[in-house]
Amino acid sequence: MNKNILLCVSGGIAVYKAVALVSKLSQAGANVKVMMTASARQFVNPLSFQVMSKNDVYFDTFDEKDSSVIAHIDLADWADLILVAPATANMIGKMANGIADDMVSTTLLATTAPVWIAPAMNVHMYDHPAVKRNLERLAADGYQFIEPSEGFLACGYVGKGRLEEPEKITAIVLDFFAAPATIKPLTNKTVVVTVGALHVPLDEKHVISPQANGLIGQALANEARELGAHVIQIENGSLNDVMQQLEASKNQNPEIILIHAANVPTMEKTPLISVEGIKAVTFGQEVLGEPMLNIRSDRWIEFSEEAQLNGRIIATTNPQQFARTLWTHILKGEEQ
Ligand SMILES: Cc1cc2nc3c(=O)[nH]c(=O)nc-3n(C[C@H](O)[C@H](O)[C@H](O)COP(=O)(O)O)c2cc1C
């Protein structure tokens, strides 16, 4: 792994583990530089990090060793990945609020590299609503996390808050660099799949629902996941549930595809789903709006042996195979 990793160490009891982390990352071939907060230096002397990383250790924003660069900007640009480990509650709070009052927090604002946060703290601190709120905000800002593990904490409590083991963090980093992110065809798309059967009210106390084994819907949902989609599965719900889910999903992400594979009661008062503005693949069901593709079969898809896809006959006996064929067809249509 010939990558530049900047390890930002903030001041928790787990700082000693960060020394082992530098060692593991270096053994894995990374070029590691370490930056410490003032509190972190209360726990471990920078010399330990300097020896392990074979690089200078940085902690003072105003200590400009090389007059040709500004150190925190230079380091922010140098890094292929920044790890904040351990990340204190304080540092998490500063990051969530864009505070830059020391070298670590300033560098974290100046970088465009991916930043991973490995929180470590007392279990009650980790559960505190303020810390939770900050973590949620950071997640929304696109930061990645290496979750703390559970176990004995230095403060005497047992619970979630231990810095993940250096070996594990190193393995995650290796994985990240080993597998370049491949953009899958359904990345950033939301696929809502109705699976099994949907019910409609018969009267105030009863609903009516057709039989269904859900195998085709399940296979279509699984395949969509493989293709990178964010999949929402509605199983044995009501038509109302589907409408609500479509509205909610549409508001969050207009790139939505409905795969309406569930069986729906064929009653006169069965309401139709509106797919206005949504790409919808239907299986003989009627919907309001222009569905993208309607697959025909002589019976409900899961009980028939073949289906017609734009005049082409496709076997449905192997749901997984069918799902692959159908998604290939849908994606081809998308390209045109
Ligand atoms: C013995 C000791 C252990 C501490 N351990 C942690 C810890 O594990 N996690 C944490 O968030 N804060 C911990 N703190 C509190 C932080 O050091 C403190 O909030 C500090 O301001 C963090 O500064 P920094 O984020 O700039 O490093 C600890 C403090 C002491 C004295």
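V104 sits in helix α6 (residues 103-110); helices here are DSSP runs of H or I with at least four residues, strands are E runs of at least two, and both are numbered from the N terminus. This is a predicted model, so local features need pLDDT of at least 70 and side-chain atom pairs count only at pLDDT 80 or more, while totals for chains, interfaces and linings use all residues. Residues are numbered from 1 along each chain as its sequence is written.

Is V104 buried or exposed? V104 counts as buried because 27 other C-beta atoms lie within 10 Å. (Buried means 20 or more other C-beta atoms within 10 Å of the residue's own, exposed means 12 or fewer, and partly exposed is in between, with C-beta atoms placed from the backbone.) Setting aside residues up to four places away in sequence, V104 touches C8, S10, M35, T37 and M91; contact means that the two C-beta atoms, placed from the backbone, lie within 7 Å. Take T37: 67 residues separate it from V104 in sequence, yet the C-alpha to C-alpha distance is 6.4 Å.

## Around the ligand

Which residues come nearest to the ligand? They are S10, G11, G12, T37 and T88, out of 15 residues around it. A residue counts as near if its C-beta atom, placed from the backbone, lies within 6 Å of the molecule. Helix α5 (residues 89-96) gives the most to this shell, with three residues.

By class, the shell has eight nonpolar and seven polar residues, and no charged ones. For this tally, Ala, Val, Leu, Ile, Met, Phe, Trp, Tyr, Cys and Pro are nonpolar, Asp, Glu, Lys and Arg are charged, and the others, Gly among them, are polar.

A40 belongs to helix α2 (residues 40-43), and it is buried because it has 24 other C-beta atoms within 10 Å. Leaving out neighbours within four places in sequence, A40 is in contact with V9, S10, G11 and V15.

A40 and P86 are 46 residues apart in sequence and 9.2 Å apart in space, C-alpha to C-alpha. P86 itself lies in strand β4 (residues 81-87), and a cis peptide bond with omega of about -5° joins A85 and P86.

## The five-stranded sheet

Now for the sheet: five strands make an open sheet with parallel pairing, in the order β12-β9-β13-β15-β17. Two strands pair if DSSP finds at least two bridges between them. β12 (230-235) and β17 (293-294) are the edge strands, each pairing on one side only. Helix α10 (residues 215-226) packs on the sheet and touches β9 (190-195), β12 and β13 (256-260). The direction of α10 makes about 165° with that of β9; axes are lines fitted to C-alpha atoms, for helices over the stretch in contact, and angles run from 0 to 180 degrees between N-to-C directions.

Strand β15 (residues 279-282) pairs with β17 in the parallel sense over two bridges, and T282 stands opposite N294 in β17.

UniProt, in an unreviewed entry, places "domain: DNA/pantothenate metabolism flavoprotein C-terminal" at residues 186-236. UniProt positions follow the numbering used here, feature names are shortened, and annotations may be inferred rather than shown by experiment. The end C-alpha atoms of residues 186-236 lie 25 Å apart, and the span is 24% helix and 31% strand.

N188 has phi near 70°, a positive value in a residue other than glycine. N188 lies in the loop between α9 (166-178) and β9 and counts as exposed because it has 11 C-beta neighbours inside 10 Å. N236 also isn't a glycine, and its phi is positive at about 50°. N236 is in the loop between β12 and α11 (239-252); with 15 C-beta neighbours inside 10 Å, N236 counts as partly exposed.
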